[in-house]
Amino acid sequence: MLHSTQPFRGSSLGYGFTGGAATFSFRPRWYVSDQLSLRFRLDLAKQLTNADDTTYYREVVSSPALIDLVYLPAFTETWTGLSVAPNIRVTLPIDKASHAETLRLGLGPGFELYRTFDVLSGLVVSYGFRFTKKLHQYTTAQTDSVYPFSSSSGSVATMAIPDYADQANPSGLAVGWTGGVRNVSMRFANVLQARLAIVPKLYFTAYASIRNDLLYDMTPTSLPVTPTASTTNQRASYWYLLDLTFDPVRSLSLSLGTSTLVPSIDPSGIAYFPFFNRATNVYLNLTAHLDVLYEALERI
């Protein structure tokens, strides 16, 4: 929710707790015009316990840096009320996990369709799609890493960032180990989201993302290969969010919610129960809206 008319409206700093880690999120924005904005996101996480997915005790783990160029809205259809917002995302691999898989750059064009409804204090329903091409130096991970991903648990040290966690490892090996784990070449992500203002300053959000990853092809070999019932070049995953946000003042938001990131099926071939299962994390976040804080300081 935008709180002011500043060119950096929508910029925020977030601090919270999720999955046994303290998290920090820096999300500045700059509006080139009323509709065109440049957005940046970088997340940091620090485990509060002696975690088994970091090298050092209470090590600070970074996400990749995300840069988005968003045109919101580009067009609104008058009869249906649908608005279209195209965007493009650049992923910069500044984190250890990206270095382990030799990621050089990620390019992700996408769009969002959304419509508002006169329900309670306001309802916004949206559908988004993004195609991401990942550019790696090598088709398999080359550097030893301590970021495990197990297809049986769905856990990954990503701080629940959309389009970041890679479901490319059915063997349970750590992502980044030199075990021949293939990197993701392309990703197709579909997102459904509904945000309801129950009353002014109180919002409920439901989010569901379906992501399909295409891996790099394997090197041809003359060795006999056992045929499988399904392709080994594709991975699917789901990400669910349920969030309740309260704005006690214009400059601060308090959020309580659940985040669930899982592969499409468990090791036994059964689909995970949506929204709540063994991979669900509960989070509590406090977000400061920098544009509103800036305006308050100007009045002093």
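Me: Helices here are DSSP runs of H or I with at least four residues and strands are runs of E with at least two, numbered from the N terminus. Where does Leu-120 lie, then?
Reply: Heads up: this is a predicted model, with residues numbered from 1 along each chain as its sequence is written. Local features need pLDDT of at least 70 and side-chain atom pairs count only at pLDDT 80 or more, while totals for chains, interfaces and linings use all residues; side-chain values use heavy atoms, leaving out hydrogens and water. As for Leu-120, look in the loop between β9 and β10 (123-136).

Me: Is Leu-120 buried or exposed, and at what relative accessible area?
Reply: Buried means under 20% relative accessible area, exposed over 50%, and partly exposed in between (1.4 Å probe, protein chains only). Leu-120 counts as exposed because its relative accessible area is 58%.

Me: Thr-102 is not a glycine either, so to speak; what is its phi?
Reply: Thr-102 sits in the loop between α1 (96-100) and β9 (103-117). Thr-102 counts as buried because its relative accessibility is 4%. Its phi is positive, at about 60°.

Me: Which peptide bond is cis, with omega near -15°?
Reply: Most peptide bonds are trans. For this one, check the loop between β6 (65-71) and β7 (75-76), where Pro-73 lies. The cis bond runs from Leu-72 to Pro-73.

Me: About what area does the nonpolar surface patch with Phe-117 and Leu-244 have?
Reply: Patch members have over 30% relative accessible area and no salt bridge; nonpolar side chains (Val, Leu, Ile, Met, Phe, Trp, Tyr) are joined within 5 Å and like charges within 9 Å. Leu-244, from strand β15 (residues 234-249), counts as partly exposed because its relative accessibility is 39%. With Phe-117, Val-119, Leu-120, Val-125, Ile-198, Val-199 and Phe-204 alongside Leu-244, the patch comes to about 610 Å².

Me: How many salt bridges does a search of the whole structure find?
Reply: A salt bridge is a side-chain nitrogen of Lys or Arg within 4 Å of a carboxyl oxygen of Asp or Glu. One of them joins Asp-43 to Arg-41, with the closest N and O atoms 2.8 Å apart. Going through the whole structure, the total is four.

Me: Which residue forms a salt bridge with Asp-68?
Reply: The closest N and O atoms of the Asp-68 pair are 2.8 Å apart. The pair links distant parts of the chain, 21 residues apart, from strand β6 to strand β8 (residues 83-92).

Me: How far apart are the closest N and O atoms of Asp-213 and Arg-187?
Reply: Asp-213 lies in strand β14 (residues 202-215) and Arg-187 in strand β13 (residues 184-199), so their pairing ties together parts 26 residues apart in sequence. Asp-213 counts as buried because its relative accessible area is 0%, and Arg-187 is buried because its relative accessibility is 1%. Their salt bridge has its closest N and O atoms at 2.6 Å.

Me: Which side chain of opposite charge is nearest to Arg-9?
Reply: Arg-9, in the segment before β1 (12-18), is buried yet has no salt bridge. Its side chain does reach the backbone oxygen of Gln-6 at 3.0 Å. At 4.1 Å, the nearest side chain of opposite charge is Asp-34.

Notes: Areas by Shrake-Rupley, 256 points an atom, 1.4 Å probe, with all protein chains shown as cover. Lys, Arg positive; Asp, Glu negative; His and termini not counted. Polar contact = N/O pair within 3.5 Å; in protein donor to acceptor, adjacent residues only side chain to side chain.
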